[in-house]
Amino acid sequence: MDRVDGTEHYKGDVSQGPIPALLLIILDTNPHAWALLNRDLPLSEAIANLLVFINAHLAFHNANQVAVVASHCHRAVWLYPRPGSSSEGVDMAGGETPAINDANKYRPFAQIEDQLLTSLRDLIQTTTPDDVASTNTTQMAGALTLALAHINKATLAFSQQIGGTETTADHLGSSDDTSGLQSRILVLSVSGDLAHQYIPIMNTTFAAQRMRVPIDILKLAGDTVFLQQASDTTRGIYLQLRSPQGFLQYLMMAFLPDQTSRKLLVAPTQEVVDFRAACFCHRKVVDVGFVCSICLSIFCSVPEGAVCLTCSTHLSLGEYGSKPAVVPRKKKKRRKLNGGDDTPSRPGTPVPNK
Amino acid sequence: MAPALKASALYKKKEGTLSITSNQKLLQWVPREGDKTVVITVGDIANLQQTPETAAKVMLKVFEKSADAPESVTHVFQYNSTSNARGEANAIKDTLSVLLAAIKANDGNVTTTASAAIPITSAVASNQGSASAKWYDDDALKLDIELQQSLMKKDQPLHRTYTEARKTKPDTISDSQFNSQFWSTRTNVLRAHAVEKNQKRGSYNVLSAVKPKVVDNELKMNISAEQIQLIFSQHPLVKRVYDENVPKLNETDFWSRFFLSRLFKTLKGERVADADPTDPTFDRYLNGSNENRPNQRLLELHIPNIINLERNEENQGGSKGGNRPDFTMRPGESAKVPIVRSLNSLSEKIMAHVAPSDIDPADPIGMDEETFNSLALRDLQGSAKENRIILNIKQQSQFFANETPEVSTEAALYAKQVPTEVLSQIRLELSLKEVHGRDGKGIDLGKAIGVIEDSDSDEELHHKIPHVGSKASIANATKQILEGVKSRRIEIDGSDAKSSLSGLSQRIFERLVLTHATTTEFLHHFWLLFLSGDPDRAGELAKMVETLERSMDRISAVAEDAETERNEVIRIERQRVRDLYEKTGKRLKWSADAVGGGKVIVKAMMEPTIKTLQKASKEYKKALAVEGIDTY
């Protein structure tokens, strides 16, 4: 009956067409690093290129969504959607006129641009020099956690919107990705020294793997520790830029296709992955270490008293580390009862030839 | 076995009883009064001596050598039984010598790894019981040459690795040591092979497996003696017929008529059509019973009363009243559907001979706890308490308060920066015209990204650092991305066989693989010895180092061969090009670089192995230096 009168056409079944995607960008705003990068890629130009990229993403599908998180030196902050802005809005009587009122600019693009820049400026205004001096690195783990929570929320909201009563618990674990929102995370990273956040970052990586959210990494500066593993486990793309001036080209060519398109394309990700881990005691990056057999925590050297630091079980070492013995032990000469020879090297008494 | 032997004997001038315990493990002397019992483990007895028959006194001297005592201890027992001292002494002596002989034979199986290999003569004498003990005994597996050889016959690459390694081992390592080293890492493979060999085929339904074949217009049938045995054990009726008729008929006649007769069809379970030929000898038994002793097995089974349905017969009318079961399920009517019945009974018989997998014959009769648990009604009980183990995860942050971590390069650079400057710079950036819209208009993104459509690349080359969005930088970016795509693509498509050999011929490649396998083998042993820290094995260690040097030489030898081969190919190609030129006057462009293979490739392929070899010898020399031994 449906086919005759064309009801299918009007149902608005979103899953028939291309599936909308949520792109979540984590912008690493470590001031030290950006100051160093100023010669090659100033922050202003980077932001401009990023806005063009966001506009391109939104242009692909009218239900595409985007969100931006700033991973700053001492906290992770939402840049877009601006926190609290959704509660404002129409209710505000005589509220602020939208800052950008350009008739030549597509309204959603203008809105994003405005919110992003305002949030970023606020963030920098509220940063004190002490904050900047206190740390070398950025709050990547916090930003990743915020990102994953937002993805979860958006996926739930989306499936409620189209499906009504479907439970999304199946969606998150199911192998068929043809329904629901497709999300991915893009990390623009400029800082290294993430060894202290090894455990939280690995936790978010495994959560993303579970949720089938690829984590793409675009590395502008800084050492790579652990982010390679994150992108490798979640089947994302890892790129370290050789020419930062071509920033927009990298974004558009490698990071724009969404998950369905990526199945048909060959991704230009870096193939050699650094699989080292950080030890739990000193946060040093190690490739050979000791592992507790109960809780699998990694140590660079034997912990004190051979007690594991996380699960407090006493561990024993076995034969490891004994000094290699290259000299045979000197045998004590014993006198045997039967008078048998134990010194074969001594020549026997010469016997005259018969 | 013989009961515990007792004899009255004197030990150190005290009276008492000398006896062997019933499990034949201990020889003990218990004094008449007092408590100085002497217990000697039969396994520890090194030697026995007894006074000869002609002597007046009957004495037994036992040399005991236990594992932890430094010297052997002698015990002297004097038999003082008034009636039968000599007889008792002889009895004890005979029993002890038999026990000792048995122990010595078993000792031949178990040796330490350092000793030379003793061929297993008792492998022939060992029975089924000791076979399973042998499987779990690593040392026994290492010494079982037959097993090793059959494994190598089965597994060709293993055989090749073995012969190659054996050919190239240095002469200082003896054959037996080499054997024990080689097999000590492969004990699990040996064990699996031994278990596999030991599996036997279970009994099967012979009658349906036996089929006549048509050869040259006459029916031929091959039956093995084993199959005949199986037929007799599965169908006692056939055995009876055979016993009664065979002296009169001869064997071949008997069997050929049997397989054509109605009896055979009945036993197989097929319906007997009226068209089948009748056979006077066999048809007598058509109604004979095929059971050993009916219901004998049923009586042996002990069915728990809670599921025993036969008991129900006594309660109600049983199955006699009520609905009649299906005609296949009706007891007693064998003519209608014989196949169901005969197959079932045959399967039961076969299964009765198979060792039961779920019943332990040592279990007590009656219900044990497991069956009770499976029959109990669990739903009516509450839910079980959770039995979790709490892990105490401690907070580790307090451990790092005093750590001064290493400073990375970025951190060093950051330390040079002044925070206030940094901040002000960022603020400046963000207030630049490009990103700060004025008068309610947004940013002009077109200008902001800096892509100048019509610019010439020449202009941009003037700048030392191209500006963001210049054509050159975009081109570089594209190039990097495409390189990445290309290398991924190669991985995805897989490399074809030709390129994976990299120009080496198949023969050289196989030699290289073999060399690699043997080198890995030797390296494995070297590291095992080296890291074990056992000073007794230091001599073996020195020999291993020699072996490693030989491996290095072998790799170079393969490289040389590859090089000569490559030169040969180049020569042929050059000749061909020259010939072509002479014939046709055409000049072909060809360079020797196009030919792959050769020493370079071999060295590149074996590079990790070469590095490991160098590392191993370096570590060894370092350890020697620590000990203060000069290496020349």
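Asp122(A) is partly exposed in this predicted model, at a relative accessible area of 35%; the class lies between buried (under 20%) and exposed (over 50%), with a 1.4 Å probe and protein chains only. Its side chain forms a salt bridge with that of Arg82(A), at 3.3 Å from N to O, where a salt bridge is a side-chain nitrogen of Lys or Arg within 4 Å of a carboxyl oxygen of Asp or Glu. The two residues are 40 positions apart and link distant parts of the chain: Asp122(A) belongs to helix H5 (residues 107-125), Arg82(A) to the loop between strand S3 (76-80) and H5. Helices (H or I, at least four residues) and strands (E, at least two) are DSSP runs numbered from the N terminus. Arg82(A) is also partly exposed, with a relative accessible area of 28%.

In chain B, Arg507(B) and Glu565(B) form a salt bridge with their closest N and O atoms 3.6 Å apart. This pair joins helix H25 (residues 506-532) to helix H26 (residues 538-584) across 58 residues. Arg507(B) is exposed, at 54%, whereas Glu565(B) is partly exposed, at 23%. Within H26, Arg576(B) and Glu573(B) lie three residues apart, about one turn of the helix, and their side chains meet in a salt bridge of 2.8 Å, N to O. Over all chains, 14 salt bridges are found.

Chain A contains twelve helices and ten strands, and 47% of its 354 residues are buried.

Residues are numbered from 1 along each chain as its sequence is written, and chains are lettered from A in the order in which they are written. Local features need pLDDT of at least 70, side-chain atom pairs count only at pLDDT 80 or more, and side-chain values use heavy atoms, without hydrogens and water.
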